[in-house]
Structure formats: C-alpha cells, structure tokens
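Subject: Structure handover

Hello,

Here is the structure I said I would pass on. My notes on its salt bridges follow below.

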Amino acid sequence: MTTMTSIAELSASFSAVRCELKGKVGYLILNRPEVHNAFDEVMISEMTQAINAFAHESDCAVMVLKSDGKHFSAGADLNWMRKQAAMDFDANLKDARELANLMDTLDRFPKPSIALVNGAAYGGALGLICCCDIAISSHKASFCLSEVKLGLIPAVISPYVVRAMGPRQSRRYMLTAERFDASMALALGVVHEIADDLDAAAAPIIQNLLSGSPQALGWCKSLIARLQSGVIDEHTRDYTSERIARIRVSGEGQEGLNAFFDKRSPAWVNDTGSKD
C-alpha cells in the first residue's frame, strides 16, 4: 500500500510532474511550463510511476490529470525528437514502447480519471486525454494531431484517439493535421464538456464519482473495456451475468444494497478519507 507520505516523497523526486493527494482525489500535474509541458522520456517515466502509485494508493479514489502553465501539452519535446532522429530502429522501438506503456497504464487505471485541458493539446497530449474517462476543456483549448507534417504518424496514441473520435473523423484530422477548437473537440467526443473554470466544472463530477462504490467504479471500467468491440453473443451474456451476480454478493455490493434499504449512506460515502 502506498501512503500519502510516499506520494509526496515520490513527487519530490520528480522534475517533470507533480503529485498531490487531497482527500480522496489524486492530482497528477504536468510541470514543464517553460516548454509548454512537452513530452520527453523523463516526463513519460515519471507519469507512469505516478499513475501506478495512485493506482495502489488506498486513499485515492479519483485521479485528475492537469497541467501547470498556459498549455496542457504541446506534444513531443524538440530535444527528445532530436534524440529519436539519431536513434537506430531498436532504440526507437524501446522509446516508443515506453510511451505505449504510459498510455496503457493510464487507460487501464483502475479508478476514475479526469483530464482538465487548457491551452494547446497537441500530438501525444490527445492520447492522454482520450485515455482518461472524463475530459473537460477550456474554451480557449486547441487540439492537433500534427504528426504527418513531420513525416511521422500518431501511431502509439492512435488506438485511444480512434476509439474516442471514431475512424471517420480520425481519417480527417490525422491526415490533414488541422488544428481544431474546443467546440469541435466536444463534437468529436475528445472532451465531454467545455468550461471557463476547469476545477469548478470538475468539482461536481468528482463528488458524483466519490458517491459511487470504489469497487463498482473499477468494475464498471473493466466492463466497458470488455464490451468495446460491440459484440453481443453468448460469451457476452455469460460474462455480464457473472459480473452482476459476483458484485451483488461482494462486500461493497451487500453494503450498498443494505444502505439503500436502510435509507442511509453507504460506508464509502461516510469514509471521507480527508487527510489534507
């Protein structure tokens, strides 16, 4: 089990991101404002470590991904790109797998995740946003899948972006590398909401998430991931039937049902976990 102290210690060891735990909410903050929070190998490593730490932190029920400075992330860091250009295939493959691992770790995060997007969100930043369960952007946010203009492709982030935007819209915006604004991001399914005050917009969503059973929230995420293909067959019916039967007899399932019938709040709501 991770403790709040160890989260703080982990954050103190980082240079590219910060980690904070406030009550039951973990904050992962991109912290390279001087380069518009551009990605490099250090940020990728630190983000992966932080996400894993929050995943194992029992006091963390929700994780918020946000950034310091005017921009969410400008995409790949120029110095990192220069290194990649000089690497051979094997070194590039290893480098790409580190980014793929970050996206997978965020996508599979066992608790609800929320991205708060301000300013520019280019390249790999769209991957991060699409890996989060919920995304809110400012009105001034701008988005771009700019890789083809550099002779590259948005390969590692593509499974998550295509899942969010759909193949048809991905064809346009991956091929043209057009910038699009917050309104279009909302229409494309990249974000769920647009707000002037991101933290204020996130607050009621966080409260709704904290009212849910931690176990049920995690199982919902697994359920959605399992059903992404859209196939409904005998295996799907067996899986979904097993899941509801299993959670009904679980500790939290029993507590939730009994609390409902007793007209009281379930234990996970009463346990505020506030340790500010």
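The side chains of Arg 172 and Glu 178 form a salt bridge, with 2.8 Å from N to O. A salt bridge here is a side-chain nitrogen of Lys or Arg within 4 Å of a carboxyl oxygen of Asp or Glu. Arg 172 is partly exposed at 44% relative accessibility, and Glu 178 is partly exposed at 27%. Buried means under 20% relative accessible area, exposed over 50%, and partly exposed in between (1.4 Å probe, protein chains only).

Salt bridges with shared partners also join Arg 18, Glu 20, Lys 22 and Asp 68 into one network.

Before the rest, note that this is a predicted model: local features need pLDDT of at least 70, side-chain atom pairs count only at pLDDT 80 or more, and totals for chains, interfaces and linings use all residues. Residues are numbered from 1 along each chain as its sequence is written, and side-chain values use heavy atoms, with hydrogens and water left out.

The search of the whole structure finds 15 salt bridges. One of them pairs Asp 199 with Lys 66 at 3.0 Å, N to O. This pair links distant parts of the chain, 133 residues apart: Asp 199 lies in helix α9 (residues 198-210) and Lys 66 in strand β3 (residues 62-67). Helices (H or I, at least four residues) and strands (E, at least two) are DSSP runs, numbered from the N terminus. Lys 66 is buried at 18%, whereas Asp 199 is partly exposed at 42%.

Regards
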